[in-house]
Amino acid sequence: SQGSIVFAGENLVGLPPYRILRAGIARTFQNIRLFAGTTVLNNVLTPLTYRIGYSLADAAAQTPRYLQQEDEARAYARELLKILGLEGREEELARNLPYGMQRRLEIARALASRPRLLLLDEPAAGMNPAEVASMVQLIRDIKDRFDLTVFLIEHQMGMVMNLCPRILVMDFGEIIAEGSPAEIQSNERVLEAYLGRRGFAAAG
């Protein structure tokens, strides 16, 4: 209801989503929001359209400029799908992917905009322990490969403790602790909130 959200010196409050995207921020959702009725490849191509440099006339006439940029976009989208373990599924409908792969596709789509900050909203939601372990490694690889900052909200404490070098713990909208995994695990307020009452969400 009040305050500011500043990224790279720019206040983002009130900006439309496309301006936030252009500022270098991309996100995934707690409840997967893919373009379910189109292909895996098209899901990743969609955020690339804001970077196109050809005109409507170029597209209508299929000019060399148009063809080159379309080829480059498709090549980059396919590269992202390969990195995210979705190679060979480009022409499948997004809705037909297994749940874990839909999570990966949503991350690939977010990465397609080449963000500096990637926001992940409960990326391990609904996953079994093996899938959670795989997601932890995937996020590590993404951070290193794309040299970006990852901010995640997550209730899977094993994932948070294994992945995040810096953690904030919130209880009823109030930050009650901030620090390394070791500091958080021994924090009395965290232990009371997590073990004594409701559990906590962590962002790292």
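# A tour around helix α5

Buried here means under 20% relative accessible area, while exposed means over 50% and partly exposed lies in between (1.4 Å probe, protein chains only). Packing, meeting and touching are all about contact, meaning heavy atoms within 4.5 Å. The labels come from DSSP runs numbered from the N terminus: helices are H or I with at least four residues, and strands are E with at least two.

Before you click further, note that this is a predicted model, in which local features need pLDDT of at least 70 and side-chain atom pairs count only at pLDDT 80 or more, whereas totals for chains, interfaces and linings use all residues. Residues are numbered from 1 along each chain as its sequence is written, and side-chain values use heavy atoms, with hydrogens and water left out.

**Zoom out**

Show the whole protein chain. Its secondary structure comes to nine helices and eight strands. The C-alpha atoms fill a box of roughly 65 × 40 × 30 Å along the principal axes. Of the chain's 204 residues, 42% count as buried. Take the contacts between residues at least 6 apart in sequence: 64% of them join residues at least 24 apart.

**Stop 1: α5, residues 99-111**

Now go back to α5, which spans residues 99-111. The helix has 13 residues and reaches 19 Å from its first C-alpha to its last, close to the 18 Å expected at 1.5 Å a residue. That expected span is 1.5 Å times one less than the number of residues.

How much of α5 is buried? Eleven of its 13 residues are, so α5 is largely enclosed by the rest of the structure.

**Stop 2**

The axes are lines fitted to C-alpha atoms, for helices over the stretch in contact, and the angles run from 0 to 180 degrees between N-to-C directions. As for the wording, angles under 35 degrees count as roughly parallel, over 145 as roughly antiparallel, 65 to 115 as roughly perpendicular and the rest as oblique.

α4 passes α5 in a right-handed crossing. A crossing is right-handed if the near helix is turned clockwise from the far one by less than a right angle, and left-handed if anticlockwise.

Show side chains next: Tyr76, Leu80 and Leu81 in α4 meet Leu105, Ala108 and Leu111 in α5. The residues of this contact divide into six nonpolar, no polar and no charged. For these classes, Ala, Val, Leu, Ile, Met, Phe, Trp, Tyr, Cys and Pro count as nonpolar, Asp, Glu, Lys and Arg as charged, and the others, Gly among them, as polar.

**Stop 3: bring in α6**

Select residues 129-146 for α6, a helix of 18 residues that reaches 26 Å from first C-alpha to last, close to the 26 Å expected at 1.5 Å a residue. Its buried residues are Val132, Met135, Val136, Leu138, Ile139 and Ile142. What covers them includes α4, α5, β4 (117-121), β5 (149-154) and α7 (157-163).

How do the axes of α5 and α6 cross? They come within 12 Å and cross at roughly 15 degrees. That makes α5 roughly parallel to α6. The crossing of α5 and α6 is right-handed. Arg103, Arg104, Ile107 and Leu111 in α5 meet Ser134, Met135, Leu138, Ile142 and Phe146 in α6. By class, this contact has six nonpolar, one polar and two charged residues.

Then look at α4 and α6, whose axes come within 12 Å and cross at roughly 140 degrees. That makes α4 oblique to α6. Here, Tyr76, Leu80 and Ile83 in α4 meet Leu138, Arg145 and Phe146 in α6. This contact has five nonpolar residues, no polar and one charged.

**Stop 4: two loop residues**

Click Glu122, in the loop between β4 and α6. Glu122 has a positive phi of about 50 degrees although it is not a glycine. Asp147, in the loop between α6 and β5, also has a positive phi of about 50 degrees without being a glycine.

Is Asp147 buried or exposed? At 70% relative accessibility, Asp147 counts as exposed, whereas Glu122, at 12%, counts as buried.

**Last stop: Ile184**

Finish in helix α8 (residues 181-185), where you'll find Ile184. Ile184 is buried, with a relative accessible area of 2%. Leaving out residues up to four places away in sequence, Ile184 touches Met161, Ile167, Val169, Ala177, Glu178, Gly179 and Val190.
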